[in-house]
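Visitor: I'd like to go through this structure before I set anything up with it. Can you take me through what was computed?

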Amino acid sequence: MSRQKRQQNLIGYLFISPWLIGFSVFTAWPFLQSLWLSFTRYDIISEPKWVGFANYHALFTQDPQFWQSLQVTFTYAAVAVPLGILCGFGLALLLNIRIKGQEIYRTLFYIPSIVPAVATSVIFVWIMNPQIGLLNGLLKTVGIIGPNWLNDPTWSLTSLVLISLWGVGGSMVIYLAGLKDVPLSLYEASLVDGASAWHRLKAITWPFMTPVIFFNLIMGVIGSFQYFTNAFIMTNGGPQDSTLFYSLYLFNRAFRYLDMGYASAMAWILFVIVVGATSILFMTQKKWVQYGNN
Amino acid sequence: MQSDSRWLAPQKWHKILVHFCLIALSLPAVLPLLWMVSTSLKPDREIYATGGGGSAPTLASLLPQAIKWSNYAEALATVPLGDYLRNTIFLCIVSIIGAISSSSLVAYGFSKLTFWGRDVLFVVMLGTMALPGQVTMIPVFTLFKNLGWYGTYLPLIVPAFFASPFLVFLLTQFFRTLPTEMLEAGRVDGATEWRIFIQLVIPLSKPALATCTLFVFLGTWNEFFGPLLYINDPTKYTLAYGLQQFLSNYGGAWSYLMAAATLFTLPILVLFFFAQKTFIQGISTTGGK
Amino acid sequence: MATTDQVSRRDVLRWVGAGVAGLATGTYLLTPGTERRRMRGRKTVRYWHMWSGEWGEVVQTIIDEFNESQSRYEVVPLIIPGSVGESKFLMGTVGGDPPDVMTHWAQVIPTWGSQGLLLPLETLMSRMEWEDFKATSYPVSLTTGMLGESLYGMTIGLNAFGLYYIPQHFIEAGLDPENFPKSLEELCTISELLHRKDRSNNYTRIGYVPSNFLNLSQVFGGGLYDFEKSELTLNSEENVRAMDFIVEERKKVGFDAVNRFFSGLDSASFTGGWPFIGGALSCTFDGQWRVEQIRKFAPDLEYKTIPLPPPQGGRPLAGVTNGNFMIIPKTAKEVEGAWEFVRFWSGLAGSEQAASLYTRGGWLPLNNRIAEAPDYQKYLRENPEFGTFVKVLASQDLVGNPPVPTQTFIMDRANRSEDFAIRGTWSPRQAVEELEKAVVEEQERRRRLGYAV
């Protein structure tokens, strides 16, 4: 290695050293420790004791709630993430049109995403009350008898998806920012060609936006697998385990039943799933995500 | 730019249609918030008028019949607001300084320097974003405990100084758009990487850094679980913890909770309204491209 | 862009503005916060509890009174929201900085006690005190606070449940409120006359509809635990009968309609929002704390209380209950101060003075001595309906939840089974059998791993 190269390496590592140190101390080391914990019996208090694959074995063979929580989480991810992208992107398209009050509209749609999750949960528990909630009250004025939203096993997960759409403003601003980067000359050219709005969207906007959509997709999937607060406050997993999210069940195992080894095993299974899911998405990106258009 | 964007300014009937759509769509976005604010202004008796198995609320019940501003004063009186606000601002400032300085350094390293193993490390860093917090929660806690940091702000502050993968990712996207020639010119002039970073790159990155600042601010402002776990001194808690108290099973009334939630959200709202231009500009140069 | 030699006025203003703002923030941040300790020269007793809002103020008066009553300790409270109390306590203990004393729900006692997290309180008593404590305390404070031979939690507020009803509703329905049903079955029958519906067929008012399997299983002569033999009895025939009763009665009203009605109500409300106050419940089974709540938020409400009538062949004055318990972590730093505080509040240090503390939150006493103290008797005279709960509390058939380390798991699963049953998903027998199966499997797994079960 030449002296210059060595120096380059040294400078590079110096620059990334904050992350390198933080990664090894606060992430990598605890991460390996939790892998070890997943093979132990550990109640937080006494010393961990090695039990081999017992936790994994119990999870896979005799814990129906584990499978239920996986199913709930997958269903939520499969529905809420695409819907969120659709709504966020659609809103961004509308808000990109130059009209009066654009700032106000943008702020209006963005606010819900910054309301603290705790407050959101409380507001919606109330709004979705089947008898005295605002939602069913409004439905009633148009002659619909609303469901028992959060307290009906067939509607509870749907309710949580709807509530998640309320916070779609967070991804909306990212799409808005992406839309700013679409070269206007392309639109002008297409206007001259007399292309329809739909065609413009398909041929120009969409390809430019695919990286942003991909980014939101990945973040959305990761976020869904860690979904916790709303379910914790609003439904606590019920009714009939219909909103027993993986993170919620993991939390209960760890802190309600004091079984940290079991919870660590669950956490590791979750990690493998998330890495698997994101890798699959990364593999598909060659087919539809277009980087570096010009 | 201005002249190019004519097509984005649509025709009149088209505009009306867009307004109509936006207003219709903003209803579900805004109603819950209005509900929150209106509840915060209602006397208890009025809130429960719709309860108790009585009539379902209509849009009219959004308007409080008698406005009770004192809900705010009474809600605030139950928590040591001065302490909580001070602590929250302190944590926000320190976290912002730590996260922004460290993340921009790391991002510069990943985007503009070449060194052995760079791309692999970058992928590893992205991978850590997919790591569920629960995996590392207990070992991290034990670590801080062994360092003797339990009961202090250090566990909440120190990690910020070691770069956040999300911010690093956003900033690398931005730094990559800076022309390499400019940096090369600096290098030819004999400037060190440190000087290039401080004197050339940072001044050019203001919008991106502003966006990151807002993200860190939001995150710290809302953070509830961290302070709860690590802090034991009642006067060292934050606003998010104060808000949580209104939710407690043995807690007070809906009106107070809603008043507290409104107050808690208000500063962020004002901040976003005035900063949205910079914010969106900042994202547009970073977000996932 | 302005260069250094041509600074615009705007820039100057901007910098001055930023400077002032920065200075102001800095000064603000540097001003000292509220002094945590107000009393110099005293040992700090760190006390965690979960009461905020109005109830928090009541607790604060008790703390203040304790601090004034002696000159060695200062109790400094910290409010931990109930939902996160458990994780906070565990982390505090692991972190080597637990509270000196904490109030929490009884359900944590067996789990934490068996893990060795809690100080056995009898070790702080003299032999005589301990014998006296066992002899005088209400039975339920022992079945709830003890695990094996040790006392891990000291009650400062047991719960007891009874029926709250509105006589006026009975009269309107052509019933005689003075002649209250003598059996649970009869109560359910007359309740049908109390239900009201609106035009869209939603219930707007409901009489008594049974729920709470944990409690009714005991009422029906079963229960989840046999305290004599010290063993779980999850799937007894009595328990199946109790579950069956809940399901059948709810079926009569309509599964969905009942669920809607109850989820439409903020029935957990600790303020004026409790549906009974609003008139949506004509007769409901609830805890003694409602008496104090009604006094605070609806002093004009005319209501009565009465113990739940037993079903045919069931036990009168039976039930399962819990309460707020004081626990002292084994690793607490200021054990003596903590114990002083516990003695002060619970009434071990003096029944007469503690009686006034108990009345302040409408809490049930630890033993009959406190109940008979002047302050408590005065409270009972002012709130005659409260007497029902004192009566229920003294019952031998009022017990705690199963005192086994897996109690939390068992209770979660029991509630889950009830949830599946009252929606018609599981038959009553199936619900009870599922509970048995889940608990047996979990206990076996834990036993294999070497945990206490």
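Predicted model: local features only at pLDDT ≥ 70, side-chain atom pairs only at ≥ 80, totals over all residues.

Visitor: What is the mean pLDDT of chain A?

Guide: The mean for chain A is 88, and 99% of its residues reach 70 or more.

Visitor: Which elements of chain A have the lowest and the highest mean pLDDT?

Guide: The lowest is helix H9 of chain A, residues 184–193, with a mean of 79. The highest is helix H3 of chain A, residues 64–95, with 95.

Visitor: On to aromatics. How many aromatic pairs are there over all chains?

Guide: The structure holds 80 of them.

Visitor: Take A:Phe124 and A:Trp166. What sort of pair is that?

Guide: Edge-to-face, because the planes stand at 75 degrees, over the 60 needed for that class. The ring centres are 5.1 Å apart.

Visitor: Which helices do A:Phe124 and A:Trp166 lie in?

Guide: A:Phe124 lies in helix H5 of chain A (residues 117–127) and A:Trp166 in helix H7 of chain A (residues 156–166), so the pair ties together parts that are 42 residues apart in sequence.

Visitor: A:Phe124, buried or exposed?

Guide: A:Phe124 counts as buried, at 8% relative accessibility. A:Trp166 also has 8% relative accessibility and counts as buried.

Visitor: And A:Tyr227 with A:Phe245, what class is that pair?

Guide: That pair is tilted, because its planes are at 35 degrees, which falls between the 30 and 60 degree limits. The centres lie 4.3 Å apart.

Visitor: Where do A:Tyr227 and A:Phe245 sit in the chain?

Guide: Both are in loops of chain A: A:Tyr227 between helix H10 (197–225) and helix H11 (229–234), A:Phe245 between H11 and helix H12 (246–256). The pair links distant parts of the chain, 18 residues apart.

Visitor: What is the relative accessibility of A:Tyr227?

Guide: A:Tyr227 has 10% and counts as buried. A:Phe245 has 0% and counts as buried.

Visitor: Now chain B. Which ring does the charged end of B:Arg176 sit over?

Guide: The ring of B:Phe122, at 5.3 Å from its centre. Another case is B:Lys236, whose charged end sits over the ring of B:Tyr153, 5.9 Å from the centre.

Visitor: Where is B:Val158?

Guide: B:Val158 is in the loop between helix H7 (154–157) and helix H8 (165–176) of chain B. Its relative accessibility is 17%, under the 20% limit, so B:Val158 counts as buried.

Visitor: What about cavities, how many of 30 Å³ or more?

Guide: The count comes to ten.

Visitor: What is the volume of the second largest cavity?

Guide: About 80 Å³. Residues of chain C line this cavity, including C:Phe161, C:Asn215, C:Phe285, C:Gly319 and C:Leu398. By class, the lining has nine nonpolar, two polar and no charged residues.

Visitor: Staying with chain C, how many helices and strands does it have?

Guide: Chain C has 20 helices and 16 strands. Its C-alpha atoms fill a box of roughly 95 × 65 × 55 Å along the principal axes. Of the 453 residues in chain C, 60% are buried.

Visitor: Which residues do ring pairs link into a cluster there?

Guide: The cluster includes C:Tyr164, C:Trp274, C:Phe276 and C:Tyr303. C:Tyr376, C:Tyr379, C:Phe386 and C:Phe389 belong to that cluster too.

Key
Residues numbered from 1 in each chain as written. Chains lettered and ligands numbered in written order. Heavy atoms only, no water. pLDDT = per-residue confidence, 0-100. Helix = DSSP H or I, 4+ residues; strand = E, 2+ residues; numbered from the N terminus. Phe/Tyr/Trp six-rings, centres within 6.5 Å; stacked < 30°, edge-to-face > 60°. Buried < 20%, exposed > 50% of the residue type's maximum accessible area, 1.4 Å probe, protein only. Lys NZ or Arg CZ within 6 Å of the ring centre and 35° of its normal. 1 Å grid on protein atoms, 1.4 Å probe; cavity = no way out; pocket = protein on both sides within 12 Å on 5 of 7 lines; lining within 4 Å. Points joined across faces, edges and corners; volume = space filled by probe spheres on them. Nonpolar A, V, L, I, M, F, W, Y, C, P; charged D, E, K, R; others polar.
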